[in-house]
Amino acid sequence: MAEQDDWEREFDHAWVNSAEHKEPSARARMLAARWKENPPEPAPFRADPDPVGPRRSSWVSTAVVLGCVAAVIVLLGYAQLRSGY
């Protein structure tokens, strides 16, 4: 009977969560030790990303897309013309 009680207690989450002392994880201990010597700089909650560079204007993108569509239409027309009637 005592063995069955031990087995039930092993998987009893309420018993585990009621422990008086909870040891921090290894990562938490590592960061605490690192930050004791060299604390991190404060950062805003949602920091702006670093600027990537100048963006292309919308008309350039539109011209590139329309140029590609026109090239495909011309190639399809040329292929149909070459194949004969």
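Where in the chain is confidence lowest, and where is it highest?

**View 1. Confidence along the predicted chain.** In this predicted model, confidence is lowest in helix α1 (residues 2–10), at a mean of 62, and highest in helix α3 (residues 26–37), at 93; pLDDT is the predictor's confidence in each residue, from 0 to 100. The mean pLDDT of the chain is 81, with 82% of the residues reaching 70 or more. Where pLDDT is low, the predicted coordinates should not be read in detail. Local features need pLDDT of at least 70 and side-chain atom pairs count only at pLDDT 80 or more, while totals for chains, interfaces and linings use all residues. Residues are numbered from 1 along each chain as its sequence is written, and side-chain values use heavy atoms, with hydrogens and water left out.

**View 2. The helices of the chain.** The chain has four helices and zero strands, where helices (H or I, at least four residues) and strands (E, at least two) are DSSP runs numbered from the N terminus.

**View 3. The salt bridge between arginine 29 and glutamate 23.** The structure holds one salt bridge, in which the side chains of arginine 29 and glutamate 23 meet at 3.0 Å, N to O; the term requires a side-chain nitrogen of Lys or Arg within 4 Å of a carboxyl oxygen of Asp or Glu. Arginine 29 is partly exposed, with a relative accessible area of 39%, whereas glutamate 23 is exposed, at 60% (buried means under 20% relative accessible area, exposed over 50%, partly exposed in between, with a 1.4 Å probe and protein chains only).

**View 4. A nonpolar surface patch that includes valine 65.** Valine 65 is placed in helix α4 (residues 58–83), and together with Val69 and Ile73 this residue forms a nonpolar patch on the surface, with about 270 Å² of accessible area. Patches are made of residues with over 30% relative accessible area and no salt bridge, like charges being joined within 9 Å and nonpolar side chains (Val, Leu, Ile, Met, Phe, Trp, Tyr) within 5 Å; accessible areas come from the Shrake-Rupley method with a 1.4 Å probe, and for residues only the protein chains shown count as cover.
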